[in-house]
Amino acid sequence: MQTWGMELPKVGSLGEYIRQQRQQAKISLRQLAAQAGVSNPYLSQVERGLRKPSAEILNQIAKGLHISAQALYVQAGLIEDREPHSDVLAAIRADVTLTGRQRQVLIDIYESFHKENRAADSDRPPQSADDLGDDPVPPRNGITPEKEG
């Protein structure tokens, strides 16, 4: 049997991730298999970590689960999630109290803010680290930080 080092745990975690997302979305194995265009046994093997689906199949599974294909690519080890905001995205994706649709909406909003900020940043000179955090802290419930202490 050929081993791929660190890749094997990823395959298992991908299957577990897909199963978790499917169960949260209240989609049966049969429904997701039909939406992804694969057989029930094949999807079952993917969920048990016995098969590694192609990028095309991952896209179809992501559509069926209403989650981003990027989330599955990261889980599958096909891409590295190296963006600085990936911790926030990982937290959103890992939140089991939200539905798949709710997670995707949060991710879409979050990424749209980043896109908006990148566009705005390209219009102004770069900030130094010293410039960050100079804004006054906004009042919380009408109490400014000075009044709290």
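His66 is placed in the loop between α4 and α5 (69-76), where helices (H or I, at least four residues) and strands (E, at least two) are DSSP runs numbered from the N terminus. Phi of His66 is near 60°, a positive value in a residue other than glycine, and this residue comes just after α4. At 47% relative accessibility, His66 counts as partly exposed; buried means under 20% relative accessible area, exposed over 50%, and partly exposed in between, with a 1.4 Å probe and protein chains only. His66 and Gln21 are 45 residues apart in sequence and 9.2 Å apart in space, C-alpha to C-alpha. Gln21 belongs to helix α1 and is buried, with a relative accessible area of 2%.

The model is a predicted one, in which local features need pLDDT of at least 70 and side-chain atom pairs count only at pLDDT 80 or more, while totals for chains, interfaces and linings use all residues. Residues are numbered from 1 along each chain as its sequence is written, and side-chain values use heavy atoms, with hydrogens and water left out.

A positive phi is also found at Lys26, at about 55°, although Lys26 is not a glycine. Lys26 lies in the loop between α1 and α2 (29-36) and counts as exposed at 73% relative accessibility.

**Helices**

The protein chain has eight helices and zero strands, and its elements run α-α-α-α-α-α-α-α from the N terminus on. Of the 149 residues in the protein chain, buried residues make up 28%.

In helix α4 (residues 55-65), the buried residues are Ile57, Leu58, Ile61, Ala62, Gly64 and Leu65. Seen down the axis of α4, these buried residues fall within an arc of 160°, so they line one face of the helix; the arc is that of the directions from the helix axis to the C-beta atoms. Glu56 and Lys63 are exposed on the other side of α4.

Helix α7 has 22 residues and reaches 31 Å from its first C-alpha to its last, close to the 32 Å expected at 1.5 Å a residue. The expected span of a helix is 1.5 Å times one less than its number of residues. Gly100, Arg103, Gln104 and Ile107 are the buried residues of α7. They fall within an arc of 95° when seen down the axis of α7, so they line one face of the helix. On the other side of α7, Arg101 and Glu116 are exposed.

**Salt bridges**

Side chains of opposite charge can pair when their charged atoms come close. A salt bridge is here a side-chain nitrogen of Lys or Arg within 4 Å of a carboxyl oxygen of Asp or Glu. By this rule the count comes to two salt bridges, listed below.

| Side chains | N to O distance | Sequence separation |
|---|---|---|
| Arg19 and Glu47 | 3.4 Å | 28 residues |
| Glu47 and Arg22 | 2.6 Å | 25 residues |

Arg19 lies in helix α1 and Glu47 in helix α3 (residues 40-47), so the pair ties together parts that are 28 residues apart in sequence. Glu47 is buried, with a relative accessible area of 3%, whereas Arg19 is partly exposed, with a relative accessible area of 27%. The pair of Glu47 in helix α3 and Arg22 in helix α1 likewise links distant parts of the chain. Arg22 counts as buried at 10% relative accessibility. Salt bridges that share partners join Arg19, Arg22 and Glu47 into one network.

On a 1 Å grid over the protein atoms alone, a cavity is a set of points where a 1.4 Å probe fits but cannot get out, and lining residues have an atom within 4 Å of a point. Grid points are joined across faces, edges and corners, and a volume is the space filled by probe spheres set on the points. By this rule the count comes to one cavity of 30 Å³ or more, and about 50 Å³ of space lies in the largest cavity.

The largest cavity is lined by Tyr17, Gln21, Ile67, Ser68, Ala71, Arg93, Arg103, Gln104 and Ile107. This lining divides into four nonpolar, three polar and two charged residues; Ala, Val, Leu, Ile, Met, Phe, Trp, Tyr, Cys and Pro count as nonpolar, Asp, Glu, Lys and Arg as charged, and the others, Gly among them, as polar. Helices α1 (7-24) and α7 (100-121) each supply at least two residues of the lining. With three residues, α7 gives the most to the lining of the largest cavity.

Methods. On a 1 Å grid over the protein atoms alone, a cavity is a set of points where a 1.4 Å probe fits but cannot get out, and a pocket is an open set with protein on both sides within 12 Å along at least five of seven lines; lining residues have an atom within 4 Å of a point.
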